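Trainee: Can you walk me through this model, feature by feature? I would like the general idea and then the case at hand.

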Amino acid sequence: MKTLRTVVLTIGTALLTLGYLTSQVAAFQGWASDYARKVDQPPVQRISLLLFVGAVALSFFPEREEPNS
């Protein structure tokens, strides 16, 4: 379960970071409205919903403590 949490965290962080950096580049290059139009599409919304639901679902499973050696 810890590996799955790490994967969800890594994917979420990577998507947020890349999205933020791309939006900043778009703003400075003058094509922010085009970028916003491309991002506001159903596939992007589904990916964000899937990531959110996955993170919420993982929160219901407690982290098990491993016994110390």
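Trainee: What does the backbone do just after H1?

Mentor: Gly 30 takes a positive phi there, of about 90°. Helices (H or I, at least four residues) and strands (E, at least two) are DSSP runs, numbered from the N terminus. This is a predicted model: local features need pLDDT of at least 70, side-chain atom pairs count only at pLDDT 80 or more, and totals for chains, interfaces and linings use all residues. Residues are numbered from 1 along each chain as its sequence is written, and side-chain values use heavy atoms, with hydrogens and water left out.

Trainee: How far does helix H1 reach from its first C-alpha to its last?

Mentor: The expected span is 1.5 Å times one less than the number of residues. Helix H1 (residues 2-29) has 28 residues and reaches 40 Å, close to the 40 Å expected.

Trainee: How many salt bridges does the count come to?

Mentor: The rule asks for a side-chain nitrogen of Lys or Arg within 4 Å of a carboxyl oxygen of Asp or Glu. The count comes to one. Asp 34 pairs with Arg 37, with the closest N and O atoms 2.6 Å apart.

Trainee: Why are Asp 34 and Arg 37 separated by about one helical turn?

Mentor: Because they are three residues apart in helix H2 (residues 32-39).

Trainee: Is Arg 37 buried or exposed?

Mentor: Buried means under 20% relative accessible area, exposed over 50%, partly exposed in between (1.4 Å probe, protein chains only). Arg 37 is exposed, at 51%. Asp 34 is partly exposed, at 36%.

Trainee: Which residues form the nonpolar patch on the surface?

Mentor: Patch residues have over 30% relative accessible area and no salt bridge; like charges are joined within 9 Å, nonpolar side chains (Val, Leu, Ile, Met, Phe, Trp, Tyr) within 5 Å. Areas come from the Shrake-Rupley method with a 1.4 Å probe; for residues, only the protein chains shown count as cover. Here the members are Met 1, Leu 4, Leu 49, Phe 52, Val 53, Val 56, Phe 60 and Phe 61, with about 840 Å² of accessible area together.

Trainee: Which helix gives the most to the patch?

Mentor: Helix H3 (residues 42-59), with four residues. Phe 61 lies in the segment after H3 and is partly exposed, at 46%.
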